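Colleague: I am new to this structure. Could you take me through a few of its features, one at a time?

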Amino acid sequence: MQPIRVCCFCESWESGGIESFLCNILCRMDPEKVCADVVVSCLKESIFTERMRACGIQFRELSGNQRSILQNGRLFFRLLKEQKYDVVHFHLFQGFSLRYVYLAKKASVPVRIVHSHNTALRNSVAKPLKLCIHHVAKHLFARFATDFWACSSEASDFMFPKREAKSFRWIPNGIRTEQFRFNEDVREEVRNEFGLSNSFVIGNIGRLCYQKNQLFLVDVFAEVLKHRPESRLLLIGVGNTEAALRARARKIHIEDRIIFYGVSAHPEKLLWAMDVFAFPSRFEGLGIAVVEAQATGLPVVCSAQIPKEALVTALVQRIALHEGAGRWAAMLLADRDPTCEREAYAEFVRQSGFGISDTATLIEDFYVR
């Protein structure tokens with residue numbers, strides 16, 4: 001029996017949440033059952049690419065430019081006709097990308113899954129126009145999908161028309177829960193490496209960008225320092241707001257208290273080193289970093305925009321962004337009485353449906369049904 005041919009489509013390939021999700025899922029599938037390609041408009045450097053290639057997953061780039069809309073469409077349609085995929089699994093952030101679902105229908109791909117990973121568009125001068133295009137596109141092209149998946153109910157509402165949104169299937173963004181099980185020895189090693197032994201460490205993981213809102217977090221951290229001057233802020237990620245973040249930190253004279261770590265292939269070790277996790281995102285499809293933080297037993301303070309599906313333990317406290325930096329600082333500094341040891345939370349998260357093996361099996365079974 002030949003394996004099912006699957007095309008996983010993304011507009012861009014980098015080192016974000018969708019890339020991590022696909023890496024974890026596809027590398028656990030049986031290659032005798034599923035043969036997967038990752039197809040993207042633009043292939044950028046990613047910490048996940050080599051691991052996936054080692055698992056036999058092939059990458060196919062269209063034009064190399066997301067803005068080459070017509071060319072990408074022609075190349076995608078031609079690829080579908082050549083490769084004769086059984087399934088196309090679309091991993092999308094916004095509705096305009098749904099035009100590719102129409103091309104998959106036209107190319108006679110029998111299973112066309114649209115998987116929503118987002119709940120809003122980033123801020124820009126053209127945002128009103130983009131939102132208009134998004135809403136028109138989702139009503140025009142969503143009907144060509146055979147299945148509607150999302151990482152949260154909010155992500156479903158954002159990407160799909162009302163009828164389809166009501167019938168969506170929730171797919172948990174599974175993580176390797178055992179990888180995140182708390183390790184006290186490694187915590188001390190990391191803290192010693194960065195001179196954090198006597199520090200109160202606030203951490204954040206995510207692309208440095210408008211959506212993740214780290215500029216607000218820098219202001220929150222300045223408030224924290226007024227009460228606990230030994231505090232440090234650990235930022236894991238890269239992105240287009242890094243220069244602004246550094247400039248803001250210099251302006252308020254706290255640049256020496258912030259660590260810009262960059263991208264990490266082992267976020268669990270950095271989470272172990274933290275004392276509290278801060279996640280002030282303006283919007284999220286799910287907020288997988290919040291789930292990962294909980295798996296390490298780390299207290300989490302996040303924005304009210306984080307979907308309820310990510311709140312799988314009592315470790316999480318949500319607070320509205322409009323409450324301001326002072327209130328956020330107080331939440332981060334609040335004393336917490338742990339209900340159990342940090343090592344136990346990885347299993348709690350797995351039992352909540354976020355075990356990667358369970359998610360991979362669920363999706364593989366759907367592909368080969």
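Colleague: How many salt bridges does the count come to?
Modeller: This is a predicted model. A pair counts when a side-chain nitrogen of Lys or Arg lies within 4 Å of a carboxyl oxygen of Asp or Glu. By this rule the count comes to 20 salt bridges.

Colleague: Are Lys212 and Glu284, which meet in a salt bridge, buried or exposed?
Modeller: Their side chains come to 2.6 Å, N to O. Lys212 is in the loop between S8 and helix H9, and Glu284 is in the loop between S11 and H12, so the pair links parts of the chain 72 residues apart. Buried means under 20% relative accessible area. Lys212 and Glu284 are both buried.

Colleague: Glu178 forms a salt bridge with Arg181; is Glu178 buried or exposed?
Modeller: The closest N and O atoms of Glu178 and Arg181 are 2.6 Å apart. Arg181 is partly exposed, at 28% relative accessible area. The cut-off for exposed is over 50%. Glu178 has 52% relative accessibility, so Glu178 counts as exposed.

Colleague: How many residues of helix H12 are buried?
Modeller: Helix H12 spans residues 288-295 and is mostly covered. Its buried residues are covered by elements including strand S8, helix H11 and helix H14. The number of buried residues in H12 is eight of eight.

Colleague: Which word describes how H12 and H14 lie to each other?
Modeller: Val291, Gln294 and Ala295 in H12 meet Tyr345, Ala346, Val349 and Phe354 in H14. The two helices pack at an angle of about 140°, with their axes 7 Å apart. Over 145 degrees would count as roughly antiparallel. H12 and H14 are therefore oblique.

Terms used: Residues numbered from 1 in each chain as written. Predicted model: local features only at pLDDT ≥ 70, side-chain atom pairs only at ≥ 80, totals over all residues. Heavy atoms only, no water. Buried < 20%, exposed > 50% of the residue type's maximum accessible area, 1.4 Å probe, protein only. Helix = DSSP H or I, 4+ residues; strand = E, 2+ residues; numbered from the N terminus. Contact = heavy atoms within 4.5 Å. Axes fitted to C-alpha atoms, helices over the stretch in contact; angles between N-to-C directions. Parallel < 35°, antiparallel > 145°, perpendicular 65-115°, else oblique.
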